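Biologist: Before we discuss this complex, I would like every label to be set against its definition. Could you show me the structure and then take my questions in turn?

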Amino acid sequence: MLYVVIAFLFLGILLYFLLGGADFGAGIIELFTHRRNIRKTRTTMYHAIGPIWEANHMWLIIAIVILFVGFPKIYATMSVYLHIPLVLLLIGIIARGTAFVFRHYDAVVDEMQVVYNNIFVYSSFLTPLFLGIIAGSAVSGHIDVQADNFLDAYVFSWLHWFSVAVGFFTVALCGFLAAIYLIGEAEEQDRRRFVEKALILNIVAVVCGALVFVAAQVEGVPLLEWLFGNAVSFTAIVLATLSLALLWFLLGRGQGKVLRVLAGFQVTMILLAIGWAHFPDFILLRGGDHLSLLETQAPAATITALGWALVLGSVFILPALFYLFYSFQTKPIHDYEV
Amino acid sequence: MDDLFAARSQMALSLGFHIIYACIGMVMPFFMAVSHYRYLTTHQDVYKRLTKAWSKGVAIFFATGAVSGTMLSFELGLLWPRFMEHAGPIFGMPFSLEGTAFFIEAIALGFFLYGWGRFNPWFHWFTGVVVGVSGLASGILVVAANAWMNSPAGFDYVNGQYLNIDPIKAMFNDAWFSQALHMTLAAFTATGFAVAGLHALMILKKHNVVFHAKAFKIAAIFGAVAAILQPISGDISAKDVAQRQPAKLAAMEAHFHTEKSAALVLGGLPDEDARQVNYAIKIPGMLSFLAHGNFEQEVIGLDKFPKEDQPPVLVTHIAFQIMVGLGSFLMLVSLLYLLALWKKKKWLYSTWLLRLFVLAIPLGFIAIEAGWTVTEVGRQPWILYGIMRTADAVTPMPGIAYSFYLFTGIYLSLTLVVAYLLYRQIKSVPTLYDITPEPAHATH
């Protein structure tokens, strides 16, 4: 049962990254869209994510609940030493979620829209930034449980080049995912704009990815060894790179669905490569200690109950979620009633 | 502000904020479902308009409730990591089920909000019902987790170790049913009265009376039935607390000294140093009766507990008085309303009854906040009753006061924005939802 729980944990993280990430990305794209086109971008985006956006963000809750029920030591350690970025992440989540709904459901459309829009786009940028910083901090080995002063314990645990680089890499990936997703949603005449955006964001992502390697060198994080030191991670990285070439080739050739699969595949491979290199460790601490998913788990009775809850829950959730995606894919939302 | 106090304040603020949105988010879908049902069976357009108007409210409240709930799942760890490290595996069961229920609610809401004219009308109606049922289930599960903090179960505490963990037993702890019942009825009462009151206000102002009268009736019936049932659930809760947490009951009642045929203390100002209550009305024997079912039985007072194990009396007692007082008032209004529906038709839409409902708009929610103050402050100094102290659970990170100020700012601005949005929704009813202005008497 422990492996079922761990599988759901990684599935939750992956799906949050793909689906929630594409949502964040839509806001990031809006942030970098020329004023001339912004209204259209907004409409396309709303039609694409409106019905599913609440569900997309549930994966984070699933992952966090699995952590605090199944792996309380990991949850507690992150909560203590990454308190500050977690709070900033939360502020991003609350600001973004409410601004998205407020701007749509405000009965009067006036200058308040500008406020909602600003909050929405900036928090769409900041939330994945801090998500990436938190993820980077978890594996960077900077969390110091022996630290005796505030800065070492609560600030330098997350504020260093490596985690910041991972943060920007995450932002770029989210934007890239969203651009690819929106290509398939946009109307004919807008498609070119999203293809362009996807291309630019893809280049930005590759550059940020390179910066992550540089930062890893600077901070002494053995990233190269993680990614190329074992067969699975190595293969995943190679596949991601190859599929990137294919994606560039297909971009602009009107293969919306194939592009989505490729983009999702790349992100999955990146997460697989890094996850596999560390498994079963989830958090690396300063001084070489680590918190392992196979050593810090809750007692067996809890893991069994949690595993069953997840399995039974997914029997309800997955078909309903699939039908939700399916319904709003096949019946275009453009003519929906308010 | 020291860190423990800041952490407690931030938690109280976050919960206090979330509760309001969660209650509205879980109750409103039922109002919507009734109105939607009326539309599907009678084909009166006003019900469709009403359903849509309410569903916008639900979307706003659900989103705010969802993000504030997400924050809470993090704040539990950010503020109380030592508690969560031990408690997570024991009381995590309701949280994992709640995650499922919440997820289903989000999916169903997607279908409902965007499903007009896309699906079979009854399937569409059903998705609205699923929103309500899964919301209700979420609420009950979260309350079950809180009940475990009041009534720890499902583990053995041996030399500081938490052994033989049984998460199912922990979920079905002794307090879960009484707390879940009380909270569910409270959610229906508070939301019913708040919604009915807002529509009553519009009727009084003679704005779109047809529309608001239909809305008023649905909300008022839900609120009234729940408010009348609530005292029964309150009695179950009181007897349960007397059994399990005598210190909390003593603080609620400002019952300082253990005695037989104990008096019920109404109102008054507890003086914690002098161990007495000033300016109170006392009903002899009544506390014994309410707590244990006979007028003679001894009721344990605060004197049976060492000083360091006693909850704050002043806050707990006053919060309890507020909750009971407001609950009783809402019950009386409910009785009047049901009497009007049943026998005294001419009272309906008479100005005084509508005014009572307008007065009641905030009262249910104030009662809920007061009730949670009783539950939480009355459990102090424990975070896990009798086992772990709140002071031992708080995060080691200093400077929590700044985090508290930050969250206060966020919640304050969110509250203002939501109020503003609601105001604009209601103001736009004439242009968006009403088509047939008719005189008030033609509504029934």
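Biologist: How many helices and strands make up the secondary structure of chain A?

Modeller: The secondary structure of chain A comes to 14 helices and two strands, where helices (H or I, at least four residues) and strands (E, at least two) are DSSP runs, numbered from the N terminus. This is a predicted model, in which local features need pLDDT of at least 70 and side-chain atom pairs count only at pLDDT 80 or more, whereas totals for chains, interfaces and linings use all residues. Residues are numbered from 1 along each chain as its sequence is written, chains are lettered from A and ligands numbered from 1 in the order in which they are written, and side-chain values use heavy atoms, with hydrogens and water left out.

Biologist: What makes the radius of gyration of chain A agree with that of a compact globule?

Modeller: The radius of gyration is taken over C-alpha atoms, and the globule rule is 2.2 Å times the number of residues to the power 0.38. For 338 residues a compact globule would have a value near 20 Å, and chain A has 20 Å, so the two agree. Along the principal axes, the C-alpha atoms of chain A fill a box of roughly 55 × 40 × 40 Å.

Biologist: Why is chain B called as compact as a globular protein of its length?

Modeller: Chain B, which has 15 helices and eight strands, has a radius of gyration of 23 Å, close to the 22 Å that the globule rule gives for 444 residues, and it is therefore as compact as a globular protein of that length. Its C-alpha atoms fill a box of roughly 70 × 45 × 40 Å, taken along the principal axes.

Biologist: Why is A:His83 called buried?

Modeller: Buried means under 20% relative accessible area, exposed over 50%, and partly exposed in between (1.4 Å probe, protein chains only). A:His83 has a relative accessibility of 2%, so it counts as buried. The residue is placed in helix α6 (residues 83–105) of chain A, and, leaving aside its neighbours within four places in sequence, A:His83 is in contact (heavy atoms within 4.5 Å) with A:Met78, B:Leu78, B:Met397, B:Ile400 and B:Ser403.

Biologist: How do you know that A:Ile237 and B:Val394 are buried?

Modeller: A:Ile237 counts as buried because its relative accessibility is 18%, and B:Val394 is buried because its relative accessible area is 15%. A:Ile237 lies in helix α12 (residues 231–250) of chain A and, not counting residues up to four places away in sequence, touches A:Leu227, A:Phe228 and A:Ala273. Over the whole chains, 59% of the 338 residues of chain A count as buried, and buried residues make up 60% of the 444 in chain B.

Biologist: Why is B:Tyr279 called exposed, and why is B:Ser261 called partly exposed?

Modeller: B:Tyr279 has a relative accessible area of 73%, and is therefore exposed, while B:Ser261, with 34%, is therefore partly exposed. B:Tyr279 lies in the loop between β5 (276–278) and β6 (281–283) of chain B, and B:Ser261 is found in the loop between α8 (246–252) and β3 (264–266) of chain B.

Biologist: What is the phi of each of these two residues?

Modeller: Phi of B:Ser261 is near 35°, and B:Tyr279 has a positive phi of about 55° although it is not a glycine. Most residues other than glycine have a negative phi, and most peptide bonds are trans. A cis peptide bond joins A:Phe279 and A:Pro280, with omega about 5°, and another cis peptide bond joins B:Gln380 and B:Pro381, with omega also about 5°.

Biologist: Which residues touch the most other members of the largest nonpolar core?

Modeller: A nonpolar core is a set of buried Ala, Val, Leu, Ile, Met, Phe, Trp, Tyr and Cys residues joined through side-chain atoms within 4.5 Å. Of the 246 residues in the largest one, A:Phe71, B:Phe83, B:Trp148 and B:Phe357 touch the most other members. Helix α2 (residues 45–79) of chain B gives the most to this core, with 19 residues.
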